[in-house]
Amino acid sequence: MAFQRAVKGTVLVGGGALAILGLSQFTHYRRKQVNLAYVEAAEYFTEPVNREPPSREAQLLTLKNTSEFDILVIGGGATGSGCALDAVTRGLKTALVERDDFSSGTSSRSTKLIHGGVRYLQKAIMKLDIEQYRMVKEALHERANLLEIAPHLSAPLPIMLPIYKWWQLPYYWVGIKLYDLVAGSNCLKSSYVLSKSRALEHFPMLQKDKLVGAIVYYDGQHNDARMNLAIALTAARYGAATANYMEVVSLLKKTDPQTGKECVSGARCKDVLTGQEFDVRAKCVINATGPFTDSVRKMDDKNAAAICQPSAGVHIVMPGYYSPESMGLLDPATSDGRVIFFLPWQKMTIAGTTDTPTDITQHPIPSEEDINFILNEVRNYLSCDVEVRRGDVLAAWSGIRPLVTDPKSADTQSISRNHVVDVSESGLITIAGGKWTTYRSMAEDTVNAAIKIHNLKAGPSRTVGLFLQGGKDWSPTLYIRLVQDYGLESEVAQHLAATYGDKAFEVAKMASVTGKRWPIVGVRLVSEFPYIEAEVKYGIKEYACTAVDMISRRTRLAFLNVQAAEEALPRIVELMGRELNWDDRRKEKELETAKKFLYYEMGYKSRSEQLTDRSEISLLPSDIDRYKKRFHKFDADQKGFITIVDVQRVLESINVQMDENTLHEILNEVDLNKNGQVELNEFLQLMSAIQKGRVSGSRLAILMKTAEENLDRRVPIPVDRSCGGL
């Protein structure tokens, strides 16, 4: 069947004042329509059939033993999980399979915004594009719904648009006010203008020169991987048979006795963890595989034309001091015309994104070129007092956007994220394109198409206003009960409440006793983050099967600080191994795979490339002399290198004790040729890289400088990771 574009909205006719009047009337109509939608959906709500999601083993048995499902969804990202939830809450017998983990692809690598798209509205107005307008209108409705159904995972976020030219102030003010107007009753908070002085109060690290003022508007922000997981877990609780690490190796087909045509009737699935294969039969198969859309379509028809053009979006994470705790920044026109967001998230700062054509891969890698592009754009907007250092990049990742386009087009920037529902001759339904915010409406359109094409018996969508797991009984003060009832640290309790919602009490019950006066329970995985060991045990109940699942999607350590994630890995593997009965060989494999993931996909490779045995030494002669003197305070025998013994000797002379394992870790960070010692040349390379901003937070550099300054004063030397930048 032909392409079916799924776009909602009403066409505006006329121009000038009539167009504005039409917009006002349309907004009023949508407000009524939205209210009716909530009432209608509420009439169909039922309680989940399972208090807790069934185990993965139970889900696999259901997949094997069910003779035929109504709908089989391929893909466990936001859209696929949304399709499963939409279908199962309509009373359809639903299955979902994902070859990796839920949200392992693009859905966990977003900008973390729930937004209508300010730039899409700008394009809609400038180009009189009604389709772009409808997409923004739909997204703003979905933004309001998502903030309501998962209040623990999402919240409104003010975003500042700094103005450096007077003529831009009315231009952007009109655009942002139109954004509020299009949102109608779904407007989170009204936008407002700030004077220069007020803008600097809210965002003190902003570039002051030529600043005229700023405009602040509101969008939503969320924990994307946890949101995706909440959708999948909610679908499982309502009765969907969901399984991660289940790969579709081929599509099943049968001949329709009425038409004589071959129709898709299910899929041959392989358990990636065990290698076992079996058939899952279904009346309808939905392809919701994001960037891998065309690979599944070619399973159905090897001659199918490509409908997806992938685009890579790179993001970086920097220390929290780069941005205010509750104010984001939008750069509407970067040096190459792209948009850059600079946002607080999980007490860190996210900057991104890029938008470049890319090849489709399961393991996208952030490039050094993209990382430096983002850093340069950030420098343009921050005060010269703030040194933007390459070494302050704590993590970096690349996500592949599944944009729908003419495959001959080379300009991904001009491509809209409108979603497309495509039905093949054999009945395979593909949902492609779209954006994170509109996952629910995309799922609704897809299931509507499935019901119509395959004559399934089901009512209307029931997901508007349907709380996701953890959201129903959450409140902003829930964390206080966790502190009072269980003796958790306030920071840990806030984190648990914001991650698990009303399920946080179940995590707290699993928390280990610390043996301290306070906190009573809640042993942290790493000291500077509020993740606790109980989350590893609970994460297994949430279908975590590997260490990568745990560090990247059950917790977000890998996205926040790759060094911290690497430090937590041994303990995470130990805890998972105990729960899942892993042998030593499996534990070693998990460690190796997780470190490889951090190295390539989360930016650790870029860190190692900032300091290598081929790094240049660009220091002034006076600096070289100063650093040599510092080095020789440790290398008293003039060997040309220092070892753990040399460092221990200096520390003992100032009465400082440090365990050998910590010292080994500190030296290993700088020991480029891994021979167990740090040569003078390696030390000078380190200091040169620090001066250039390529490396920050080196514990050896801090230790040696502090020791030099305090040899006669006997002051304790700090050795905690400082920012832990890449």
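**Overview**

Of the 726 residues in the protein, 59% are buried. The structure is a predicted model, and its secondary structure amounts to 25 helices and 21 strands.

**Whole protein**

- The accessible surface of the protein is about 30,300 Å². Carbon and sulfur atoms account for 51% of that surface.
- When contacts between residues at least 6 apart in sequence are considered, 73% of them join residues at least 24 apart.

**Nonpolar cores**

- The largest nonpolar core contains 46 residues. The residues with the most contacts inside this core are I71, V73, I286, I429, Y439 and L468.
- Both helices and strands give two or more residues to this core: the helices are α3 (78–88), α5 (130–149), α8 (224–237) and α11 (439–454), and the strands are β2 (69–74), β11 (277–287), β18 (419–423) and β19 (429–433).
- Helix α8 supplies the largest share of this core, namely 8 residues.
- Leaving aside residues up to four places away in sequence, I429 touches C284, V285, I286, N287, V421, D422, V423, T446, A449, A450 and H454.

- Helix α12 spans residues 478–486, and its buried residues are L478, L482 and V483.
- Viewed down the axis of α12, these buried residues lie within an arc of 150 degrees, and therefore they line one face of the helix.
- The exposed residues Q484 and D485 are carried on the face of α12 turned away from its buried side.
- The cover over the buried residues of α12 includes α13 (490–500) and α14 (504–509).

**A nonpolar patch on the surface**

- M126, W167 and Y171 make up a nonpolar patch on the surface. Together these residues have about 380 Å² of accessible area.
- M126 belongs to helix α4, which covers residues 118–126.
- Why does M126 count as exposed? The relative accessibility of M126 is 57%, and a residue is called exposed when this value is over 50%.

Notes:
Residues are numbered from 1 along each chain as its sequence is written. This is a predicted model: local features need pLDDT of at least 70, side-chain atom pairs count only at pLDDT 80 or more; totals for chains, interfaces and linings use all residues. Side-chain values use heavy atoms; hydrogens and water are left out. Patches are made of residues with over 30% relative accessible area and no salt bridge: like charges are joined within 9 Å, nonpolar side chains (Val, Leu, Ile, Met, Phe, Trp, Tyr) within 5 Å. Accessible areas come from the Shrake-Rupley method with a 1.4 Å probe; for residues, only the protein chains shown count as cover. A salt bridge is a side-chain nitrogen of Lys or Arg within 4 Å of a carboxyl oxygen of Asp or Glu. Helices (H or I, at least four residues) and strands (E, at least two) are DSSP runs, numbered from the N terminus. Buried means under 20% relative accessible area, exposed over 50%, partly exposed in between (1.4 Å probe, protein chains only). The arc is that of the directions from the helix axis to the C-beta atoms. Contact means heavy atoms within 4.5 Å. A nonpolar core is a set of buried Ala, Val, Leu, Ile, Met, Phe, Trp, Tyr and Cys residues joined through side-chain atoms within 4.5 Å.
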